[in-house]
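I opened this notebook to record how two chains meet, and how parts of one chain meet each other. The entries follow the order in which I looked things up.

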There are 2 protein chains.
Amino acid sequence: MDLHIALDPRRKVGSLEDALRDAARDGVLAAGIRLPASRTLAADLGIARNSVAEVYARLVGEGWFEARVGAGTWVRARPTTTPAITPAAAVDRSTRFDLDLRGGIPDGSMFPRSAWADAVRRALSDAPADALGYGAPEGVAALRERLAEYLARTRGVIATPAGVVVTHGFGGLLGLVARALAAGGARRIAVEAYGHASHRMLLTAAGIETVALPIDERGVRVDRLAALDVAAVLLTPAHQFPTGVPLARDRRSTLAEWATRTGGIVIEDDYDGEFRFDGRSIGAFQPLAPQHTVYGGTASKALSPALGLGWGVVPEALHEGVLAARAQTGTATDALSQLALAAFIHAGAYDRSVRSLRLRYRARRERFEAFVDRHLPGARVVGLAAGIQCLLELPPGVTEAEAVAEASARGLRIGGLAEYAADASTAASRRPALVVGIGAPPEHRFEQAMAALAAAVDAARR
Amino acid sequence: MDLHIALDPRRKVGSLEDALRDAARDGVLAAGIRLPASRTLAADLGIARNSVAEVYARLVGEGWFEARVGAGTWVRARPTTTPAITPAAAVDRSTRFDLDLRGGIPDGSMFPRSAWADAVRRALSDAPADALGYGAPEGVAALRERLAEYLARTRGVIATPAGVVVTHGFGGLLGLVARALAAGGARRIAVEAYGHASHRMLLTAAGIETVALPIDERGVRVDRLAALDVAAVLLTPAHQFPTGVPLARDRRSTLAEWATRTGGIVIEDDYDGEFRFDGRSIGAFQPLAPQHTVYGGTASKALSPALGLGWGVVPEALHEGVLAARAQTGTATDALSQLALAAFIHAGAYDRSVRSLRLRYRARRERFEAFVDRHLPGARVVGLAAGIQCLLELPPGVTEAEAVAEASARGLRIGGLAEYAADASTAASRRPALVVGIGAPPEHRFEQAMAALAAAVDAARR
């Protein structure tokens with residue numbers, strides 16, 4: 001057998017082992033080949049015989065070679081020699097899109113990179129060594145303190161640090177709450193007629209049936225809850241996603257009364273409560289029924305989804321169940337990002353980020369409304385008093401599917417309202433609309449994205 | 001009504017709103033109290049009447065107040081006025097422990113803080129804006145590339161970037177794999193007779209029954225698999241946790257044959273494969289049966305559990321199921337930490353960290369063995385050829401429970417072997433032992449921790 005092996009002179013034995021392993025793995029050494037006697041190879045390479053024997057033994061141990069007593073060492077037949085792993089799922093799944101106006105996506109270019117890097121460094125230099133071990137399942141204490149204070153101050157939430165649970169975004173929280181509710185016997189949960197399909201799936205995957213509540217111009221019809229046999233309701237009171245309508249004040253009261261009367265749980269997704277542009281902040285619902293509400297928030301909008309940080313203010317009755325669900329799914333939130341966020345909030349950088357985003361998004365909102373007025377006759381913007389997405393009701397005769405297809409042909413990613421419908425019957429009753437996220441594009445693409453949208457709607461009109 | 005309100009002169013209206021909300025929330029304004037007419041309050045405070053009316057309207061909207069047409073504004077009766085949230089579960093659960101020798105815990109004081117902060121800054125300055133959005137469910141491409149290369153180079157794993165899935169530590173991976181296997185019809189999975197109870201719970205929570213395989217001095221008895229009706233086996237081939245014995249070479253072959261013959265899945269927990277002290281690296285099992293093995297690793301040992309980063313090399317047959325399970329549980333891994341780890345590996349900092357930890361842990365291992373020789377007659381160290389934990393078999397007559405209790409009385413956290421047993425019958429057959437983690441204490445506490453251990457065993461001996 002002729003083995004071409006280039007040894008590293010500084011680590012002959014190690015590089016011999018690596019080379020043989022590579023050769024066996026890559027099929028350069030085919031199965032069934034007999035290896036040179038250790039004595040021979042040792043002489044060829046100028047290595048001690050024992051070292052070669054040990055390398056062989058290790059590779060036998062790893063299963064690459066096999067030794068037959070008194071007969072030598074062979075390359076072992078392995079079940080497979082080719083890498084197994086090129087799943088179709090991992091191949092790029094999408095068309096090339098350069099422009100993005102999807103709902104619920106914040107502008108990544110506005111992430112305060114340098115301030116965040118500072119916060120990470122500060123958190124790392126301040127953290128005691130035990131803070132860098134396995135953290136508490138409910139999250140890092142320093143962050144829970146900051147969040148309790150922040151949520152009370154900005155959203156009116158009633159929270160103590162002990163009630164805060166740090167999660168992987170709102171989705172992580174909902175996954176845990178769904179399991180906790182299911183473990184407590186919940187079988188049905190009401191959802192809004194429009195919302196994230198991924199949220200409904202989290203409920204379904206936990207074994208819970210979803211029942212859709214209609215939405216009208218005053219928000220979701222929470223008055224219907226009384227007639228339904230549901231254990232909980234998932235909703236977006238401050239700014240319904242994606243229709244943009246806030247829950248009317250009397251409905252907030254109705255909801256609180258339902259929860260307290262029936263012991264039902266309100267899961268409040270306050271995904272962009274910080275972004276209200278007309279100066280009228282609508283507080284969170286949670287303080288109206290704190291013992292019956294899971295308040296959920298996220299840093300994905302005000303900072304970045306790349307941080308993967310969300311939080312819940314969880315009522316006492318569910319707290320233990322949520323932590324149990326966490327242990328049962330192997331989910332947790334890394335302590336280091338939490339320490340960094342605590343430092344970031346403490347330094348006032350979170351407030352600054354929200355303020356500067358609010359200004360930026362307000363300007364975009366005005367540009368978008370002006371653009372639609374000028375360039376999209378017959379279309380109408382709905383639900384942009386707050387938040388970073390709205391509905392663009394399409395001109396008469398234009399369908400969502402046509403508009404989305406024309407947008408796609410222009411490299412613009414955008415979704416139709418029907419994609420968010422809990423069931424087909426809901427979707428049929430509404431005027432066709434696109435869900436427009438004004439946060440998605442970076443600043444230098446915003447104009448271009450709007451132009452592509454206008455061109456797409458125009459083309460669909462014909 | 002006499003309202004004592006201190007307004008911030010720079011933001012009179014905003015501070016009025018805050019003060020009224022606080023007063024209503026804290027019960028200072030009791031339910032049923034009628035508020036001053038907006039005109040009166042405006043005059044008292046020197047604010048425009050409209051501004052006061054708007055504040056009232058907002059607080060009505062939030063449910064704090066209620067307005068009766070033509071009659072004025074009242075403080076609304078709320079279901080509860082006291083914060084609901086001081087769960088018992090959040091109260092500090094543990095005794096005060098100053099010393100720690102638990103298994104599987106790395107030394108947080110050795111985390112390369114500054115190098116990590118550099119990696120975060122570099123990752124942030126290099127990342128395009130869209131990398132800071134919602135990431136791909138399988139993980140950030142740059143990290144999957146680095147990991148595929150790293151795992152092939154250091155552990156002999158056969159991996160392409162497309163097969164790598166980034167998770168929240170090994171637990172996160174196991175939770176997803178368990179759900180994917182259950183969804184595919186798996187009902188029973190073999191586990192090692194000793195291991196993490198949390199891992200067995202992840203399987204159970206996914207609806208899977210666990211069956212324990214015995215462990216002898218050559219590792220887990222994988223020859224028993226053939227007689228069991230199991231879909232998969234979870235094991236720690238390089239360094240059995242916590243007994244420390246590596247899986248013998250012929251058993252690796254037996255395991256590979258079982259997997260390929262039956263289509264069974266091997267879940268390889270390579271939790272500390274990087275730490276082998278006698279220069280003989282035992283490669284990963286995965287290359288022996290790559291289409292049938294989920295290889296799992298973690299940055300928790302070589303860097304820090306605070307990063308919350310782990311990874312799997314997932315065979316094609318399970319890849320889609322694992323990503324589906326991720327969507328169904330709302331788990332994901334934040335992109336920013338992944339970008340930072342990619343930069344950290346790329347800069348060679350991960351290799352450096354492993355090397356310096358290996359030296360440090362090797363030195364501790366020698367100190368620990370010498371310490372036991374000198375100070376713990378009758379005790380024996382088992383399984384410390386690799387990794388950061390071992391067994392300390394107790395002197396005759398000393399029980400685990402006594403030793404653990406005496407340790408606890410001395411502020412030393414440590415566990416008995418029986419705590420890791422899959423079932424009570426396994427535990428009864430082994431010599432009593434403590435699971436000693438030489439990684440857990442910071443350097444300046446290591447000597448003290450060993451002294452406390454010796455004192456505890458001595459006390460238990462009497």
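Entry 1. I took contact to mean heavy atoms within 4.5 Å. The model is a predicted one. On that cut-off, I found that 99 residues of chain B and 99 residues of chain A take part in the contact.

Entry 2. I then looked up the area buried between chain B and chain A, which is about 8000 Å². Carbon and sulfur atoms give 60% of this area.

Entry 3. How many salt bridges does the rule find across the interface of chain B and chain A? I recorded 2. I noted a salt bridge between the side chains of A:Asp118 and B:Arg121, at 2.6 Å from N to O.

Entry 4. I next listed the elements on the side of chain B that touches chain A. At least two residues each come from α1 (12-25), α3 (49-61), α4 (113-126), α6 (169-183), α7 (197-205), α8 (249-262), α9 (316-329) and α10 (335-346) of chain B. The largest share, 9 residues, belongs to α4(B).

Entry 5. I turned to the domains of chain A. The assignment gives domain 1 (12-75), domain 2 (88-105 + 351-460) and domain 3 (114-347). I read a separation of 26 Å between the C-alpha centres of domain 2 and domain 3 of chain A. Their contact takes 30 residues from domain 2 of chain A and 28 residues from domain 3 of chain A.

Entry 6. Domain 2 and domain 3 of chain A bury about 2500 Å² between them, with 59% of it on carbon and sulfur atoms. Which three residues supply more than any other three of the area that domain 2 of chain A buries against domain 3 of chain A? I found A:Asp351, A:Gln389 and A:Tyr420, which supply 21%.

Entry 7. I counted 1 salt bridge between domain 2 and domain 3 of chain A. The side chains of A:Asp351 and A:Arg153 meet in a salt bridge at 2.8 Å, N to O. I also logged 13 residue pairs in polar contact between domain 2 and domain 3 of chain A, both residues at pLDDT 80 or more.

Entry 8. On the side of domain 2 of chain A that touches domain 3 of chain A, two or more residues each come from α11 (349-375), β14 (389-393) and α13 (424-428) of chain A. The largest share of that side, 9 residues, comes from α11(A). By class, I recorded 16 nonpolar, 7 polar and 7 charged residues there.

Technical notes
Residues numbered from 1 in each chain as written. Chains lettered and ligands numbered in written order. Predicted model: local features only at pLDDT ≥ 70, side-chain atom pairs only at ≥ 80, totals over all residues. Heavy atoms only, no water. Buried area = accessible area lost by both parts, 1.4 Å probe. Salt bridge = Lys/Arg side-chain N within 4 Å of Asp/Glu carboxyl O. Helix = DSSP H or I, 4+ residues; strand = E, 2+ residues; numbered from the N terminus. Domains from an automatic or database assignment. Polar contact = N/O pair within 3.5 Å; in protein donor to acceptor, adjacent residues only side chain to side chain. Nonpolar A, V, L, I, M, F, W, Y, C, P; charged D, E, K, R; others polar.
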